[in-house]
Every structure is written in structure tokens, then in C-alpha cells.
Amino acid sequence: MSDTNSILILPGDGIGAEVMAEVVKVIDWFQDNRGMAFTVDHDLVGGAAYDAHGKPLSDETMAKAQAVDAVLLGAVGGPKYDDLDFSLKPERGLLRLRKEMDLYANLRPAQCFDALADFSSLKREVVAGLDILIVRELTSGIYFGQPRGIEDDTSEGNEGGRVGINTQRYTSGEIRRVARSAFELAKKRDNRVCSMEKANVMESGILWRQEVQWVHDNEYPDVELSHMYADNGAMQLVRNPRQFDVIVTDNLFGDILSDAAAMLTGSLGMLPSASLGAPMANGRPKALYEPVHGSAPDITGQGKANPIACILSFAMALRYSFDRGDAASELEAAVEKVLADGLRTADLTGPGGGDAISTSQMGDSIVAA
Ligand code: ATP
Ligand code: MG
């Protein structure tokens, strides 16, 4: 294990900067109290980068992101940038990072903290005890396959005369590498992977199933593997979500299934994510960690943002980039404790939910815990 841990912090726009300030407190705590050495650099992405130099991500920032162990990103975007040309939009900065770092495995944990399991204060239902991890293939599949486009189609009976085309295309190599990510992650969890596709109606689904099975049989025979059609998977996620540990699936199905699973856990302000690529020279994967939520312009600057999603994203960095699952668990336990103590940011309070605390009070409380 290398003894320095390099981090590039890209707070971005809106509440991104507010929640990231709390993560910095957490990083400092681990430096001061757990003897971990971090080198931390800060830079701009999204609208903030556009304001500074007319691009949502500079080449210099891109180069830094390629060189560090982990990129921590807040959020990008905001109404101020709505009228910008597509190529200059804040979101393009994030897309460039994902593409050039080749982050093919998107990890979305759906974990329900016990303290929030009483859904009465949340105005919505959550699933107590839920702890699953969805691994979504992020760089291929129907969102990228060629041919694509909207074309004229004058075939008889086609009212409107046009056709929209997308192509689902997966190579065996693309499937194997994301399958490996899923099996590796399962080994650090409950050792079970469920792979989801539509092998009953799609060629890419048949290949997906065969290649995931191949990686299992040849490299991870000790991890339990099951296969499920994605439509049944959606049904099972709602019916009995606790049956799953790691789910691995393609880009399109993963987009839908991970959003559905996320909402079984509570608030958007609680959900972390990681996007991982191939191992670098030091053995660590290329990695970008970010909360699932966006820049939340409606609450920016009011101290209302929940920093937990961003803090839990750093916990994922501790586990997957810095190989410190112990520290990650310690941080997650601190989050659990403050929630159990009844501390709530505004998004976690409902009618009768009590007084909300601010973003920085939540960060300070987690550090104290
Ligand atoms: P984007 O397009 O950037 O994904 P969005 O409109 O989909 O943005 P968010 O910016 O994530 O979504 O905001 C959706 C809603 O959730 C908003 O009302 C916002 O205030 C709320 N929200 C998002 N993140 C948080 C957070 N960390 N704490 C509290 N509320 C949040
Ligand atoms: Mg959104």
C-alpha cells in the first residue's frame, strides 16, 4: 500500500461547495486522529470553471484528475448556465472526467440507516435494513452504440415519416471488466452477485450472461452468482429488495434500477456514489466519488444542504481507493450515530420531525461522533 493518498477536490457549483466543506473537516480528522496522510488539491469544475476560464473543465484540471488516487466532486450546474452552448455546459465537465478517466463501473449503494427506518418522519416509505450495491456499466451500451440518430423513414404507414435509432452494443471485454469490478466488491461484502439483463430478448443480453458466467467460473468461483431478467429484477427490487447484495447490470438498466433502489433508502441527500476505472500503476483504480444529488439551486447559500451524501462518498473513497475499509466503517458508524441521536438536516425532517440543523452543524456533529 502506498503511504500517501492523493485527492483532488472539485466542489463545483451550488451546494457542491457547501457539502464539500464538511468533507474537508472529515479528511482533516482522519489525518489528525488516524495517522492517515493525504495530499489534497482543490480545483474548479462545472459552472465555477466556466466562470474562471470559459470552459467547464480545463486541461490542467483534467491532467490532475488523471494523476490522483481519488477525485471528490460536489455537484455541477445551475440556472445561471442554462443558456450556454451545449459544449460549454457545466455537466460537460463531469462527462469529460468520466470519459477520459474511462470510469466504466458506477457504484450506487442503497443503504438504509436504522435511525431513518421509521419512515413516518420522512413522508415516504423506506426499507429497514436494506444494504445493496448496484454496479452499473457506465461507458458503453445503448447510450453510446452506433448507429444512432433520427432519420427520415418513408416506409408505408409510418405517420410522421421519421425513425429514431439507438444501438445496444457490448463487447465481451466491456462486460468482463465490469463483472470483475462486481465480483471484487462482493468479496468485500456478502459475497453474492446478481447479474441482470434481458437474455430472453436481446443478443447483448445473451452475451452479457455468458461473459459474466465466464468471469465467475474462471476467476471468482467462490462468489455466489445468480442471473435475473432485468424486468423481474425491477419487480424483485420493489417486492423483496433485501434479497440482494451486489447487482451488476448494463448502462440503461442500471440507470433505472439504481434510481429505483435509491429511493428505498430515504433522502437524495443521503446517497453516495463512486465511479471506478482500470487499475493504475499503484494498483488503485481510477476513481471519482460524488453524491448522487445535484447542485440544488433552490437551497444554495442557505445552509440547508445535507452533507451526508458527500461524506459517505468519501467513506467509499476510504474503502475502494485507500483500502481502509476500517476507516470507512468508522465514518459510516459516526453518521449512523448522529442520526440515532436525532440530528436532522431539513431534508430529513417532516411534520413533527423537530428542528433542523445546518450543513455545518451536521458536519461538525459527524466529526465529533
Ligand atoms: P441535477 O440536474 O443537477 O441532477 P436535479 O434538479 O435533478 O439536479 P438536485 O439538484 O439534486 O436535483 O435537487 C433535487 C431536489 O432535492 C431539490 O429540491 C434539492 O433542494 C433537494 N436536494 C438535493 N440534494 C440535497 C441535499 N444534499 N440536501 C438537501 N436537499 C437536497
Ligand atoms: Mg438530477
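A residue is called buried here if 20 or more other C-beta atoms lie within 10 Å of its own, exposed if 12 or fewer do, and partly exposed in between, with C-beta atoms placed from the backbone. Helices (H or I, at least four residues) and strands (E, at least two) are DSSP runs, numbered from the N terminus. The model is predicted: local features need pLDDT of at least 70, side-chain atom pairs count only at pLDDT 80 or more, and totals for chains, interfaces and linings use all residues. Residues are numbered from 1 along each chain as its sequence is written, while chains are lettered from A and ligands numbered from 1 in the order in which they are written.

Two strands pair if DSSP finds at least two bridges between them. Strand 4 (residues 105-111) runs antiparallel to strand 11 and is joined to it by 3 bridges; in this pairing leucine 107 stands opposite alanine 274. Strand 11 also pairs with strand 12 (residues 285-291), again in the antiparallel sense, over 6 bridges. There, proline 272 has proline 291 of strand 12 as its bridge partner. The hairpin of strand 11 and strand 12 has 5 residues between the strands, and within it glycine 283 takes a positive phi near 90°.

Contact means that the C-beta atoms of two residues, placed from the backbone, lie within 7 Å. Leaving aside neighbours within four places in sequence, tyrosine 320 is in contact with Ala274, Leu276, Pro285 and Ala287.

What lies in the interior? A nonpolar core is a set of buried Ala, Val, Leu, Ile, Met, Phe, Trp, Tyr and Cys residues joined through C-beta atoms within 7 Å. The largest such core has 97 residues, and Val71, Leu72 and Val135 have the most contacts inside it. Helix 9 gives the most to this core, with 11 residues. Beyond four places in sequence, the contacts of valine 135 include Ala105, Leu107, Val178 and Leu185.

Helix 11 (residues 359-368) has Thr359, Met362, Gly363 and Ile366 buried. They cover an arc of only 100° around the axis, which puts them on the same side of helix 11; the arc is that of the directions from the helix axis to the C-beta atoms. The cover over the buried residues of helix 11 includes helix 1 (15-33), helix 9 (308-320) and helix 10 (325-340).

Ligand 1 is surrounded by 15 residues, of which the closest are Gly269, His293, Gly294, Ala296 and Asn306. A residue is near a molecule if its C-beta atom, placed from the backbone, lies within 6 Å of it. The shell divides into 7 nonpolar, 6 polar and 2 charged residues. Ala, Val, Leu, Ile, Met, Phe, Trp, Tyr, Cys and Pro count as nonpolar, Asp, Glu, Lys and Arg as charged, and the others, Gly among them, as polar.

A few backbone details remain. Most residues other than glycine have a negative phi, and most peptide bonds are trans. The bond from glutamine 146 to proline 147 is cis, with omega near 0°. Asparagine 191 has a positive phi near 65°, and aspartate 323 has one of about 55°.
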